[in-house]
Every structure is written in C-alpha cells, then in structure tokens.
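Subject: The structure you asked to look at

Hi,

Here is the structure I promised to pass on. Have a look at it first, and then read my notes below.

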Amino acid sequence: QVQLVESGGGLVQPGGSLRLSCAASGSIFSIYAMGWYRQAPGKQRELVAHITSAGSTNYADSVKGRFTISKGNAKNTVYLQMNSLIPADTAVYYCNANLATGTWSRNDYWGQGTQVTVSS
C-alpha cells in the first residue's frame with residue numbers, strides 16, 4: 001500500500017528552472033533512500049539523483065551542477081530542483097523510494113511520473 005506522488009512537471013524554456021516534488025505514503029517501516037529517474041522517448045530509464053536517509057547524495061554526470069536533490073520538511077518527501085534546463089532533460093521523471101514495509105522487506109517503489117518538457 002505504498003504510494004508515491006510526484007508533482008511540479010511542465011513546459012519550460014531552455015535555461016529555465018523547475019522543482020519537482022515527491023511524497024511517499026502508506027505502510028512504510030523505514031526509508032533507505034529516495035531518488036529521481038527519468039525516461040526520454042526511445043531511451044531506457046536512467047538515474048538522475050538520489051539521496052539516502054543519512055543525507056548522502058549522488059547525481060548522474062549529465063545533471064551535476066544543475067540539479068539538486070533534497071529532503072522536504074514534511075515526512076517522506078523529496079525535491080528535485082532543476083536549473084539551467086536543456087532540451088536533453090526532456091523526459092518523464094519518476095520518483096523512486098527504496099524502503100521497507102517490514103523488518104525483512106526492502107523494495108523499490110515508483111511514482112506515476114511527471115512530464116518535463118524543455119523547449120523554446
């Protein structure tokens with residue numbers, strides 16, 4: 001019964017900014033990490049950024065220096081601040097959570113996706 005809901009996608013011009021948000025809810029025992037993936041037309045889904053429960057972050061080389069992942073003030077929330085957007089960033093962005101619903105249950109859960117389009 002874990003649910004991840006994303007928001008904040010839309011159309012933006014090159015060089016612009018967007019902030020994506022994700023909220024996880026349900027029978028969550030503990031969260032190990034949350035992150036963002038994206039899938040462009042004709043391409044495989046790829047990792048964009050993720051953050052662990054301890055606050056450690058990792059980014060894809062293509063977004064380093066432009067994107068920032070952070071935890072939200074609300075419980076089980078994560079944000080992706082996207083600056084200096086380029087057309088190659090156009091994709092459906094998916095929120096991911098690596099979490100446990102029980103002591104020995106650890107799995108990945110996914111949101112429904114939010115469209116980001118960067119175009120002039």
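This is a predicted model: local features need pLDDT of at least 70, side-chain atom pairs count only at pLDDT 80 or more; totals for chains, interfaces and linings use all residues.

With strand 8, strand 3 pairs antiparallel over six bridges, and A23 stands opposite T77. Strand 3 also has two faces: L18, L20, C22 and A24 make up the covered one, while R19, S21, A23 and S25 make up the uncovered one.

**The core**

Back to L80 for a moment. The largest nonpolar core has 29 residues, and L80 is among those with the most contacts inside it, together with W36, M82 and Y93. Strands 3 (18–25), 4 (30–39), 5 (46–52), 7, 8, 9 and 11 (114–118) each give two or more residues to this core. Strand 9 provides the largest share, five residues. If you leave aside residues within four places in sequence, L80 is in contact with L18, R19, L20, W36, V48, A49, F67, T68, I69 and Y93.

**The disulfide**

How many disulfides does a search of the whole structure find? The search finds one. C22 and C95 form it, with their sulfur atoms 2.0 Å apart. The torsion about the S-S bond is about -85 degrees, so the disulfide is left-handed. This pair links distant parts of the chain: C22 lies in strand 3 and C95 in strand 9, 73 residues apart. Both cysteines are buried.

**N96, next along the chain**

N96 also sits in strand 9, which covers residues 91–102. Is N96 buried or exposed? Its relative accessible area is 7%, so N96 counts as buried. The N96 side chain makes a polar contact with the side chain of D108, at 3.4 Å. Apart from neighbours within four places in sequence, N96 is in contact with L4, A33, M34, G35, Y37, D108, Y109 and W110.

**R66 and S84**

R66 is in the loop between strand 6 (57–59) and strand 7, and at 14% relative accessibility R66 counts as buried. A polar atom of the R66 side chain lies 3.0 Å from the backbone oxygen of S84. Not counting residues up to four places away in sequence, R66 touches Q81, M82, N83, S84, L85, I86 and D89.

S84 itself is in the loop between strand 8 and strand 9. At 42% relative accessibility, S84 counts as partly exposed. Have a look at the backbone there too: S84 has a positive phi of about 50 degrees although it is not a glycine. In general, most residues other than glycine have a negative phi.

**V118**

One last stop: V118, in strand 11. With a relative accessibility of 4%, V118 counts as buried. Leaving out neighbours within four places in sequence, V118 is in contact with V12, Q13, P14, L85, I86, P87, D89 and T90. L85, I86 and D89 are also among the residues that R66 touches. As for distance, the C-alpha atoms of V118 and Y32 are separated by 31 Å, and the two residues are 86 apart along the chain.

Happy browsing!

Conventions:
Residues are numbered from 1 along each chain as its sequence is written. Side-chain values use heavy atoms; hydrogens and water are left out. Helices (H or I, at least four residues) and strands (E, at least two) are DSSP runs, numbered from the N terminus. Buried means under 20% relative accessible area, exposed over 50%, partly exposed in between (1.4 Å probe, protein chains only). A polar contact is a pair of N or O atoms within 3.5 Å; within protein, one must be able to donate a hydrogen and the other to accept it, and residues adjacent in sequence count only if both atoms are side-chain atoms. Contact means heavy atoms within 4.5 Å. A nonpolar core is a set of buried Ala, Val, Leu, Ile, Met, Phe, Trp, Tyr and Cys residues joined through side-chain atoms within 4.5 Å. Two strands pair if DSSP finds at least two bridges between them. A disulfide is a pair of cysteine sulfur atoms within 2.5 Å.
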